[in-house]
Protein chains: 2
Amino acid sequence: MARSEADRGEYPLTAAERVANELTETILGTLAPGAQIPSEADIAARFEVSRLTVREAVKMLVGRGLLHIGRGRRAIVREPDSSVFAALLVAIVRNDPKGLFDLIELRMAMESLSSGLAAKRASRAGVQAIDAAMRDMRKSAAEAADGANPEAEARFHESDLQFHEAVAMASGNRVIAFIFEAMAKPLRESFVMSRRGQTLRGAGRSETLEAHQAVLDAIRTGNQRAAVDAMRAHLKSTELDIRSHLASGVAAA
Amino acid sequence: MARSEADRGEYPLTAAERVANELTETILGTLAPGAQIPSEADIAARFEVSRLTVREAVKMLVGRGLLHIGRGRRAIVREPDSSVFAALLVAIVRNDPKGLFDLIELRMAMESLSSGLAAKRASRAGVQAIDAAMRDMRKSAAEAADGANPEAEARFHESDLQFHEAVAMASGNRVIAFIFEAMAKPLRESFVMSRRGQTLRGAGRSETLEAHQAVLDAIRTGNQRAAVDAMRAHLKSTELDIRSHLASGVAAA
DNA sequence: CCGCCAAACATATCTGACAGGTGCGAGCAA
DNA sequence: TTGCTCGCACCTGTCAGATATGTTTGGCGG
């Protein structure tokens, strides 16, 4: 079976699509992020279409995350924005009952990978970022430990996520970091939904801290295998928690 | 006070963005793929904006791949389209000198993963698809072997890619399959660019066939570890080829 | 040289209009 | 009655022109 997009090829492209395609070529081919594209009027003149058509084409590229527009100034080329991919992931996850599990499955595999890569080639700044997240975790864990403190609890989870994102960044692989960043949104979304009222037990927190510290140590010392193993072990232990959270969330919904 | 571009969120959303956001919510929340959205006029009335504004909002969603529009009929909700993500990957790869290597790095990790998952839970149809690609490979390999036959050569590489895509599909993980599909475009693009005039040695072809067969066998028999190992070994052996191709391609460019 | 302001520029949005593709139902033919 | 065709209502594609408002810049006064 051929591509499903083939059904659009039967019809001639609309003017807006034509302009959008050519603009995309121009942008990807010759324009660096931060550069300005010509004004709507100029583009309209060049393609011999109305300004409205140009606006629609530009809006499509904005939807793709290739351009950023602000009132009064010309559109500027944008670095690929993970939020667009995040929207796609949200759509996939919502369309498929087990989409969230698929997402988590991939996420875990990518975590092990990025952890190992980070151990192999993390920069000083990269390690520092991970370390900073680690310190934040410890701090909010301490504050959350001595009593019911939902705010510190939330900050704990936030810095937890930041730890993992910092590891992904430190992998030095921009594609991984990009995908990782995008995955955060649907995951966060479903967690707040499924974690309503629930809190991690204190024991879970200290275990989590230890596990993260092990990952950090391995990365800092450049021990690739240890980094992979530490991350894998950490994920394994949290997997059950996550799944039970999700299961209860789904059941409640 | 210099306003950095980081604070664009502080500006009030434009009408078109507002409509686009609300439409996105509606679509993701209550509309299944294939469903029609209201007509432009209806949406315009509901949000109290002009039809033009609605059109721009819709065009943004089209750019995101959430909608498909055809002249004369209302826009229909679309299943997430990997080509949008593919465009993002192309942008990343082109912006970053080592972007292509990052992409390959991730791709290889995901191949091992999907191979193992396919062994664990591939459906009969999934295995059949892999098998079909395998047969195509053999056929075009045979035709390419007895002389210079660029066409068969091309078909060989095509079915090679299809083999890997079939494995990704067979993993049963839609997120993986989605990302995988998107990666194919930038990879193919750079390969044709870097492979100009080069051809794989015949020995490489028969080795490739064997390696693929090993993966297929492992998946068919449900041997997860063997599937991962076979795929990893295959990738390891092709990694050098790819890198040298890329290196020569970059050097030539 | 610095700071302020108006004009030029650019985007945001609206109104109104017309062309052309789609789909459904009414009416006609077998 | 059944089936087919044709026309009309609906919908999107595109244009022109107009107003509102934000951004940039060049010139002018201090």
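**Note on pockets, a helix and the core**

1. Helix α5(B) gives the largest share of the lining of the largest pocket, 13 residues. The model is predicted: local features need pLDDT of at least 70 and side-chain atom pairs count only at pLDDT 80 or more, while totals for chains, interfaces and linings use all residues. Residues are numbered from 1 along each chain as its sequence is written, chains are lettered from A and ligands numbered from 1 in the order in which they are written, and side-chain values use heavy atoms, with hydrogens and water left out. Helices (H or I, at least four residues) and strands (E, at least two) are DSSP runs, numbered from the N terminus.

2. The volume of the largest pocket is about 1,800 Å³. A pocket is an open set of points on a 1 Å grid over the protein atoms alone, where a 1.4 Å probe fits, with protein on both sides within 12 Å along at least five of seven lines; lining residues have an atom within 4 Å of a point. Grid points are joined across faces, edges and corners, and the volume is the space filled by probe spheres set on the points.

3. The lining of the largest pocket has 44 residues, and A:Ala109, A:Ser112, A:Arg232, B:Ser112 and B:Arg232 lie nearest the centre. At least two lining residues each come from α6 (99–121) and α11 (224–252) of chain A and from α5 (99–121) and α10 (224–252) of chain B. By class there are 18 nonpolar, 6 polar and 20 charged residues. Here Ala, Val, Leu, Ile, Met, Phe, Trp, Tyr, Cys and Pro count as nonpolar, Asp, Glu, Lys and Arg as charged, and the others, Gly among them, as polar.

4. The second largest pocket has a volume of about 1,500 Å³ and a lining of 47 residues, of which A:Val62, A:His68, A:Ile69, B:Thr14 and B:Glu17 lie nearest its centre. The largest share of this lining, 8 residues, is from α1(B). The lining divides into 21 nonpolar, 9 polar and 17 charged residues.

5. Just after α3(A), A:Glu48 has a positive phi of about 60°.

6. B:Ala20 lies in helix α1 of chain B and counts as buried at 5% relative accessibility. Leaving out residues up to four places away in sequence, B:Ala20 touches B:Ala57, B:Met60 and B:Leu61. B:Ala20 and B:Met60 are 40 residues apart in sequence, yet their C-alpha atoms are 7.0 Å apart.

7. A nonpolar core is a set of buried Ala, Val, Leu, Ile, Met, Phe, Trp, Tyr and Cys residues joined through side-chain atoms within 4.5 Å. The largest one has 138 residues, of which A:Phe85, A:Ile179, B:Phe85 and B:Ile179 touch the most other members. Not counting residues up to four places away in sequence, B:Ile179 touches A:Phe85, A:Leu106, A:Ile179, B:Phe85 and B:Met110.

Key:
Buried means under 20% relative accessible area, exposed over 50%, partly exposed in between (1.4 Å probe, protein chains only). Contact means heavy atoms within 4.5 Å.
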